[in-house]
Amino acid sequence: MSLNLWSYPYKLTNLIPRLAAIDYGIIIVAHMFIYQYFREWKSFIIANVILAAIFTFIAEPITVWLGIYKLDNWKYIYSFPIYILKTALIKWIVDVHLEKP
């Protein structure tokens with residue numbers, strides 16, 4: 001958002017950034033469910049790709065259509081690998097730290 005790649009036209013309150021509930025709430029909770037229910041890497045990656053596709057090709061276009069989210073210098077497809085890589089990296093970090101005695 002700070003690089004003017006996308007923006008949120010509406011601000012819910014003056015205390016929190018625009019639509020922090022989506023960025024720090026809904027997306028993170030969805031990824032936590034994926035991590036909790038798909039512990040093995042193969043099933044985790046499959047579920048993660050499906051979730052990334054839903055966020056990228058369904059949720060983002062709906063929020064743009066509703067006027068909640070605005071693509072400035074961004075395309076939907078750019079989000080797809082970011083959702084996948086970000087979540088896989090976090091799973092790897094958590095798994096490494098949980099394996100230590």
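A residue counts as buried under 20% relative accessible area, as exposed over 50%, and as partly exposed in between (1.4 Å probe, protein chains only). This is a predicted model, in which local features need pLDDT of at least 70 and side-chain atom pairs pLDDT 80 or more, while totals for chains, interfaces and linings use all residues. Numbering starts from 1 along each chain as its sequence is written, and side-chain values use heavy atoms, without hydrogens and water.

Helices are DSSP runs (H or I, at least four residues), numbered from the N terminus. In helix 3, the buried residues are Ser79, Tyr83, Ile84, Thr87, Ala88, Lys91 and Asp95. The 24 residues of helix 3 should span 34 Å at 1.5 Å a residue, and its end C-alpha atoms, 36 Å apart, agree with that.

Tyr83 and Ile84 also belong to the largest nonpolar core, which has 11 residues; such a core is a set of buried Ala, Val, Leu, Ile, Met, Phe, Trp, Tyr and Cys residues joined through side-chain atoms within 4.5 Å. Helix 1 (20-37), helix 2 and helix 3 each supply at least two residues of this core.

| Feature | Residues from helix 2 |
|---|---|
| Nonpolar patch | 8 residues |

Which residues does Ala30 contact, leaving aside its neighbours within four places in sequence? Ala30 touches Leu51 and Phe55, where contact means heavy atoms within 4.5 Å.

Finally, Ile62 is found in helix 2 and is partly exposed, with a relative accessible area of 42%.

Conventions: The expected span of a helix is 1.5 Å times one less than its number of residues.
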